[in-house]
Amino acid sequence: QLVSNCGIKQSMPCIVMQLAFDKCKEIVLEKMKFCLLKQDNHEVIKAIQLLNQCANEVPAKERLESHLSDELEVLIKEPEKKTDELKFWDERKCAFALLLSCIVIYNKNVHRTVKCHILRILTKRNNINYSKEMAEEAAKISLDMITLVPPAIVCQPKQYQEEWQDKRTTYWKEDSEIPLIYFRPVLFFSALGHIGCKGE
């Protein structure tokens, strides 16, 4: 079953995996942001110092939380193109690792939250061709990916790039303007755009 979503068509496993990944990302980043606000141990203070190095100037106090969040999200955003370099990559990666060591993640709780999130959204959209087992597996895999250093990323870029996606010629025409149809999402080893598994 193919479902239209955000300008592209996707198979149900693609939709379930993307929902799981995005929710896990949100949960982990929220925990890290809360940790940054407390500033109660050496690792957190060191992480803040590293993230502040990424800015041209240290932001004002009222902008600090937003700045720190933005710097962390660079590590987990969809790559725009393959690159071997991202400014302040090592600083962000080290800060992410430090914060990851400071937060407590109860895997079963996160898995349950993510699974419920997926089922709630799919039910609202009237998508019935999915299983609870699929949602549960996607939640487990996504949490494992997001807690790597650097995090692995799953996404479905709207533009075709040969090094990122394989083509199913049954659906693809070179001169066609039809939107991409995803049967398998792209897996990146990191936001640098290094491919773990091509999309299809």
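## A tour of salt bridges and a buried glutamine

Start by selecting Lys140, which is partly exposed, with a relative accessible area of 32%. Keep in mind that this is a predicted model.

**Stop 1: the partner of Lys140.** The side chains of Glu137 and Lys140 meet in a salt bridge, 3.9 Å from N to O. Look along helix α6: Glu137 and Lys140 are three residues apart there, so about one helical turn separates them. Glu137 also counts as partly exposed, because its relative accessibility is 43%.

**Stop 2: from helix α6 to helix α5.** Select Glu136 next. Which residue forms a salt bridge with Glu136? The partner is Lys115, and the closest N and O atoms are 3.2 Å apart. This pair links distant parts of the chain. Glu136 sits in helix α6, residues 132-146, while Lys115 sits in helix α5, residues 107-124. The two are 21 residues apart. Glu136 has 30% relative accessibility, so it counts as partly exposed. Lys115, at 21%, counts as partly exposed too. That value stands just above the cut-off, because buried means under 20% relative accessible area.

**Stop 3: a bridge across the sequence.** Move to Asp166 and Lys198. They form a salt bridge, with the closest N and O atoms 3.6 Å apart. Where does each end lie? Asp166 is in the loop between β3 (153-155) and β4 (181-182), and Lys198 is in the segment after β6 (195-197), so the pair ties together parts that are 32 residues apart in sequence. Asp166 is partly exposed, with a relative accessible area of 34%. Lys198 is partly exposed as well, at 28%.

**Stop 4: step back to the network.** Select Lys115, Glu136, Glu137 and Lys140 together. Salt bridges that share partners join these four residues into one network. Across the whole structure, a search finds eight salt bridges; those between Glu136 and Lys115 and between Glu137 and Lys140 are among them.

**Stop 5: Gln156.** Return to the loop between β3 and β4 and select Gln156, which lies in it. Is Gln156 buried or exposed? It is buried, because its relative accessible area is 7%. Now show its contacts. The side chain of Gln156 reaches the backbone oxygen of Cys14 at 3.3 Å.

Conventions
Residues numbered from 1 in each chain as written. Predicted model: local features only at pLDDT ≥ 70, side-chain atom pairs only at ≥ 80, totals over all residues. Heavy atoms only, no water. Helix = DSSP H or I, 4+ residues; strand = E, 2+ residues; numbered from the N terminus. Buried < 20%, exposed > 50% of the residue type's maximum accessible area, 1.4 Å probe, protein only. Polar contact = N/O pair within 3.5 Å; in protein donor to acceptor, adjacent residues only side chain to side chain.
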